[in-house]
Amino acid sequence: MAAEPPQEPGSTSFSTAVNGGKKLEECQTMIQRSLRTPMVKFLLKHLEQSGCGIGDRFIKAINCNKQIAGGYIRGEGILVCSNHMTMQDDVNQVVIHELIHAFDDCRAKNLDWANCAHHACSEIRAAHLSGDCHYKRELLRGFVKIRGHEQDCVRRRVMKSVICNPHCSEAAAKDAMEAVWDVCYNDTQPFDRAP
């Protein structure tokens, strides 16, 4: 039986993978490789410096029933949906995105994932800072726009995630995203502290 990441508290990344994905063991090996990438090492260092170091089982591979790439769950860690991963870059991207959620959860001790504005803020930051909306990724998804593609992508991905929150209707998700957009889009921690 496939495991399913709980909806709350936490956040999800969405998969664009098709046809099978990876076995759990393969995905766990890919997670270990992602831990050696510069961006992941940077985020792990800042989590540690913020008082939220992670253990060996913080990031784990599971099989998922829904078409999601992974998720972050407070108290459990990061789940990577192995059956939706096709290559190392997929795993790296999920780990980076979800580590940004973990960082947000660590630094904002009162973050409430049931609050649409809190969830939207973390999704804005994760989509913007992780590289989810890099032009190359957007082209591969079939979204071609020369100007403004990154903000459009962030908005689209935020809405896709926040409307999956059982506490947020589509209208509430859109209102929350618009209300926190400027502050959260411009909040670049921990990257603004990079040497």
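Start by selecting Cys52 and Cys106: they form a disulfide, with sulfur atoms 2.0 Å apart. Keep in mind as you go that this is a predicted model. Look along the S-S bond of this pair and you will find a torsion of about 90°, so the disulfide is right-handed. Cys52 sits in the loop between helix H2 (38-49) and strand S2 (59-62), while Cys106 belongs to helix H3 (residues 88-107), so the bond ties together parts 54 residues apart in sequence. Cys106 is buried, at 4% relative accessible area.

Next, select Cys64 and Cys81, another disulfide, with an S to S distance of 2.0 Å. Here the angle about the S-S bond is -75°, and the link is left-handed. Cys64 is in the loop between S2 and strand S3 (68-73), and Cys81 is in strand S4 (residues 77-81), 17 residues apart. Are these two buried or exposed? Cys64 is buried, with a relative accessible area of 3%, and Cys81 is buried too, at 0%.

Now move to Cys133 and Cys153, joined at 2.1 Å from S to S. The torsion about their S-S bond is about -75°, so this disulfide is left-handed. Cys133 lies in the loop between helix H4 (116-129) and helix H5 (135-141), and its partner Cys153 lies in helix H6 (residues 149-162), 20 residues apart.

Zoom out to the whole structure, where a search finds 5 disulfides. With the bonded cysteines numbered in sequence order, they pair as 1-4, 2-3, 5-9, 6-10, 7-8. For a last stop, select Cys27, which is in no disulfide; the nearest cysteine sulfur belongs to Cys81, 8.4 Å away. Cys27 counts as buried, at 0% relative accessibility.

Note on methods. Residues are numbered from 1 along each chain as its sequence is written. This is a predicted model: local features need pLDDT of at least 70, side-chain atom pairs count only at pLDDT 80 or more; totals for chains, interfaces and linings use all residues. Side-chain values use heavy atoms; hydrogens and water are left out. A disulfide is a pair of cysteine sulfur atoms within 2.5 Å. Helices (H or I, at least four residues) and strands (E, at least two) are DSSP runs, numbered from the N terminus. Buried means under 20% relative accessible area, exposed over 50%, partly exposed in between (1.4 Å probe, protein chains only).
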